[in-house]
Amino acid sequence: MNDTTAPQVSLFVTCLADLMRPSVAFAALRLLEQAGCEVSVPTEQTCCGQPGYNSGEFASAIPLAKRTIELFEHAEYVVAPSGSCAGMIAHHYPRLLEGAWRERALALAEKTWELTSFLTDVVKLDTAPAHPTALPPITYHDSCAGLREMGVREQPRQLLKTLCDVEVAEMHQSDVCCGFGGTFCAKMPGISAQMADDKLASAAATEAAILTGGDLGCLLNLAGRARREGLAIEVRHVAEILSGDLYGPAIGEGDH
């Protein structure tokens, strides 16, 4: 029987979590349930269309946007463990679509949240995991879309303090792009690599053992670069840390 008083959340898994790091989606699911939400995961969901949209391929992005709207518009809340995908749904769908579809996109935008923002601003999660994990020093990368499109900055820091009893060791220019930028890393690999190196140097200067963030695209980019350069810092999604999932390999270290 459904709990009609519980927030009804549909989880937007994201392509990268589905294909590259499913543990991020499972961690998000655990956190939402820990917050008392009743969570559904539409199995028909696909990419939000962001790669095509960012490349100007609107003809390929529009059908994916419409499909996402059809699958999620009946939810009370839509939550994604990604500021980038949440930003695509909340801000770019209304720009991409016209007429009745734009109206439906605007309605969906009103109920779409990035994970850490939803946990702090809506359901106000303040209870630690059943088996909290003592964390080493940690630093946080603010992704461009999460910070600028979804207003996510203090929320993950607050959760790390409340749930994990750890203060973020702030890196220099934590809000500067890591160089991933969707297709930017493929179109401008030299500049992208330098931006990632600068970000990793800032992270290393904090002496943190873990670099975390809320967007898997950024973290995959930074983890790949760190591994290539032989840096020892672990890279993990903030949802994994908040849910106490620190036992498997970090991002870029192998199968998880």
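The UniProt annotation "domain: Cysteine-rich", from an unreviewed entry, covers residues 9–89 and 138–222, with positions in the numbering used here, a shortened feature name, and the caution that annotations may be inferred rather than shown by experiment. This is a predicted model, in which local features need pLDDT of at least 70 and side-chain atom pairs count only at pLDDT 80 or more, while totals for chains, interfaces and linings use all residues. Residues are numbered from 1 along each chain as its sequence is written, and side-chain values use heavy atoms, with hydrogens and water left out.

**The annotated stretches**
- Residues 9–89 are 57% helix and 12% strand, with end C-alpha atoms 15 Å apart; helices (H or I, at least four residues) and strands (E, at least two) are DSSP runs, numbered from the N terminus.
- Residues 138–222 are 52% helix and 9% strand, and here the end C-alpha atoms are 15 Å apart.

**Two residues with positive phi**
- Most residues other than glycine have a negative phi.
- K124, which is not a glycine, has a positive phi of about 55° and lies in the loop between α7 (115–122) and β5 (138–141).
- K124 counts as exposed because its relative accessibility is 54%, where exposed means over 50%, buried under 20% and partly exposed in between (1.4 Å probe, protein chains only).
- E207, also not a glycine, has a positive phi of about 65° and is found in the loop between α11 (189–205) and β6 (210–213).
- With a relative accessibility of 67%, E207 therefore counts as exposed.

**Position of L16**
- L16 is in helix α1 (residues 15–20), and its relative accessibility of 32% is why L16 counts as partly exposed.
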